[in-house]
Amino acid sequence: MTNARVVITGVGAFSPCGYGVDALWSSARDGVSAARTVQFETVPNQHVKTAANIPDALFNAHSSNFKHRFQDRVTGFALIAADEAVTQAGLTPDDFGDDCAVIVGSGFGGADTLDVNYLAYANANVRMDPMSIPKIMTNAAASWISMTYGARGPVYCNSTACSSSSQSIGLAYLLLRSGAIKRCITGGTEACVVGGVFRAWEVLRVLSPDFCRPFSRDRNGMLLGEGAGILVLETLESAQERGATILAEIAGYGTTSDAGDLLRPDFRGAASAMSKAMTDAGLSAGQVGYANAHGTGTVANDISETKAMREVFGDSFDSLAVSSTKPVHGHALGAAGALETIITMNSLIHQLAPPSVNYTTLDPAIGFEPVQGEARPIQTGFCLSNSFAFGGVNASLILGHASRL
Amino acid sequence: MRNDTTEKSKLEEDLLDLVAEEGMIDRASLQRDALMADLNIASADFIMILMAIEEKYGIYISVDNEMADLKTIQDLLTAASKKIREKEQG
């Protein structure tokens, strides 16, 4: 264990807010929701009409040179975000090789290919896509990234539902800190706004029938999203050797599991992940200035997460700026943690906590109000991003300001 | 008024049938004042009940605070029939 420091030198995002990190950050900062009306021809009994999707026109505009016959859109999203991140990091062909890992998570993998082929496979007259398996497999995006750049270090695909990408970033951080690798292309990708997956979320009763309003008393569910968030992480030494611009430090990481109920969150698991991240970063409660909450807008998550934050931050909780940006970009499941870490990094850089849009009224069971209206100025060296997943998987990342290095 | 009351109780009786079937509880022993927790109606069973309501009445009910706070079978019947009537009228 070298305990190397780990820094972010490039970020990329392809989200319902549009192409690039600027589109994601400005939408989050200004509270502009990417919720759109969606209607699936294959779902005759569809009730919920809203999702934060990536329209075909937006994807097509950025993927004309992709190998569509071999790649589901989940891989396409990841390659678009990876290109932005790698370009910003200024990595050259010599910077990849076997010192560079790829750790990119996904919850569903190639959901569109799966959906289309499910509808086709019972019909003997319709040819199933012979590339179904390589397009659907959850690790396809990670492998395509490694092939695109010649990154020959370890490839991992972490699939832990809504914690997939936060845990991917966390695992990258741990491998970098240990000295096992020098740099890593990491994050998550999800392309789940397709008929079958949408309907599956609908019948789980966690999609809001109208609009997503985390922490509000009248909240009634989440907004399904999709997209990809990719980060280039490297050891501080590697970044300094290359003369790279350092955007922020990964200052701490904590991950735990509830080992309880598959769907109902346990605040103790969430609190323990945050506490471990705080200890890892060597921070006391008052030093974190903003928390980008998991904040799905479901009854259970928002109560559990608040209880956990109160336990971890104690008296400092009242002065902590908290918001959920999911009503803006949607809940991107396996890409959520990466997109939100990128927003959190921008909060730190610009010293602004983005608002929780759509917030209505205080819920006595929650007892606090998130940042509302306009982005709130903050003065802090550290920001937190939380992800909590079905299966009881909790992951918390703490980012530190680059000026501290 | 009387008709309304009759319709209301018919709806609740139908819902009781549905809860018994989805919750895998003996219909005869399903008391309105029973606590759902005591009947071992867990979060997953509750989702199945809401699914059956969608199939039977064509309405979508997500889990909000009102649904999350239900304690007894009667609470569930009252909340579900209220939402069904709201949707039917709206």
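Modeller: Helix 3 of chain A crosses helix 6 (residues 140-149) of chain A in a right-handed sense. Keep in mind that this is a predicted model. The two helices pack with their axes 9 Å apart, at an angle of about 40°. Helix 3 of chain A and helix 6 of chain A are therefore oblique to each other. From helix 3 of chain A, the residues that make the contact are Val74(A), Thr75(A), Ala78(A), Leu79(A), Ala82(A) and Val86(A). They meet Ala140(A), Ala141(A), Trp144(A), Ile145(A), Thr148(A) and Tyr149(A) of helix 6 of chain A. Sort the residues of that contact by class and you get 10 nonpolar, 2 polar and no charged.

Helix 3 of chain A turns up in other places too. It is among the elements that cover the buried residues of helix 4 (residues 111-121) of chain A, along with helix 5 (132-136) and helix 8 of chain A. The buried residues in question are Ala111(A), Asp112(A), Thr113(A), Asp115(A) and Val116(A).

After helix 1 of chain A comes Gly31(A), with a positive phi near 65°.

Follow that packing to strand 1 of chain A. Of its 10 residues, 10 are buried, so strand 1 is largely enclosed by the rest of the structure. Its pairing goes several ways. With strand 8 of chain A, strand 1 of chain A pairs antiparallel over 8 bridges, and Phe14(A) sits opposite Ala228(A) of strand 8 there. Strand 9 (residues 248-257) of chain A is antiparallel to strand 1 of chain A as well, joined to it by 3 bridges; Val7(A) has Glu249(A) of strand 9 as its bridge partner. Then there is strand 2 (residues 18-19) of chain A, which pairs with strand 1 of chain A in the antiparallel sense over 2 bridges. Ser15(A) is bridged to Gly18(A) of strand 2 of chain A, and the two strands form a hairpin with 2 residues between them.

Strand 5 (residues 100-105) of chain A is another covered strand, with 6 of its 6 residues buried. Cys100(A), Val102(A) and Val104(A) point one way, Ala101(A), Ile103(A) and Gly105(A) the other, and all are buried. Here the pairing is parallel: 6 bridges join strand 5 of chain A to strand 7 (residues 183-190) of chain A, with Val104(A) opposite Gly187(A) of strand 7. Strand 6 (residues 155-156) of chain A pairs with strand 5 of chain A over 2 bridges, also in the parallel sense, and Val102(A) has Val155(A) of strand 6 as its partner.

Most residues other than glycine have a negative phi. Phe215(A), though, has a positive phi near 70°. It lies in the loop between helix 8 (195-203) and strand 8 (227-235) of chain A, and because it has 28 C-beta neighbours inside 10 Å, Phe215(A) counts as buried. Leu333(A) has a positive phi of about 50° although it is not a glycine. Its loop runs between helix 12 (326-329) and helix 13 (336-350) of chain A, and Leu333(A) counts as buried because it has 32 C-beta neighbours inside 10 Å.

Helix 10 of chain A brings Phe267(A), Ala270(A), Ala271(A), Met274(A), Ser275(A) and Met278(A) to the contact, while helix 11 of chain A brings Ser304(A), Glu305(A), Lys307(A), Ala308(A), Glu311(A) and Val312(A). By class, the residues of this contact are 7 nonpolar, 2 polar and 3 charged.

Note on methods:
Residues numbered from 1 in each chain as written. Chains lettered and ligands numbered in written order. Predicted model: local features only at pLDDT ≥ 70, side-chain atom pairs only at ≥ 80, totals over all residues. Contact = placed C-beta atoms within 7 Å. Helix = DSSP H or I, 4+ residues; strand = E, 2+ residues; numbered from the N terminus. Nonpolar A, V, L, I, M, F, W, Y, C, P; charged D, E, K, R; others polar. Buried ≥ 20, exposed ≤ 12 C-beta atoms within 10 Å, placed from the backbone. Pairing = 2+ DSSP bridges. Axes fitted to C-alpha atoms, helices over the stretch in contact; angles between N-to-C directions. Parallel < 35°, antiparallel > 145°, perpendicular 65-115°, else oblique. Left-handed = near helix turned anticlockwise from the far one by under 90°.
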